[in-house]
Amino acid sequence: MRRVYIPKSETEKRPLGIPVVKDRVVQMATKMVIEPIFEADFQECSFGFRTKKDAHQALQRVKEASDKGGAWVVDLDIQKYFDNTTTASS
């Protein structure tokens, strides 16, 4: 994994890991094995980081429920979520 830092603001940088080809091959092989196992346990209403599911579909589901009189409460905090990883110096 090659680690680079991209500017986030004038004073902050965000770490970014760029996998080499060998890593990508291993990651894809692992994904092909474990994805069907995890997909079987997910509910139909779960959209995050899933194959053939995206934010547009999630928003459409919310709109449909709202149009039918549903009430939704969403509470999330993703600020700097990906910055909370252990980094090694390059």
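1. Lys31 counts as partly exposed, at 36% relative accessibility. The classes are buried (under 20% relative accessible area), exposed (over 50%) and partly exposed in between, with a 1.4 Å probe and protein chains only. This is a predicted model: local features need pLDDT of at least 70, side-chain atom pairs count only at pLDDT 80 or more, and totals for chains, interfaces and linings use all residues. Residues are numbered from 1 along each chain as its sequence is written, and side-chain values use heavy atoms, with hydrogens and water left out.

2. Lys31 forms a salt bridge with Glu35, with the closest N and O atoms 3.3 Å apart. The term means a side-chain nitrogen of Lys or Arg within 4 Å of a carboxyl oxygen of Asp or Glu. Both residues sit in helix 1, 4 residues apart, about one turn of the helix. Helices are DSSP runs (H or I, at least four residues), numbered from the N terminus. Glu35 is partly exposed at 24%.

3. The structure holds 4 salt bridges. One of them joins Arg50 to Glu39, at 2.7 Å between the closest N and O atoms. Arg50 lies in the loop between helix 1 and helix 2 (55–67) and Glu39 in helix 1, so the pair ties together parts 11 residues apart in sequence. Arg50 is buried at 10%; Glu39 is partly exposed at 24%.

4. Glu44 and Lys53 also meet in a salt bridge, 2.8 Å from N to O. Glu44 is exposed at 53%. Lys53 is buried at 16%.

Note on methods
Helix = DSSP H or I, 4+ residues; strand = E, 2+ residues; numbered from the N terminus.
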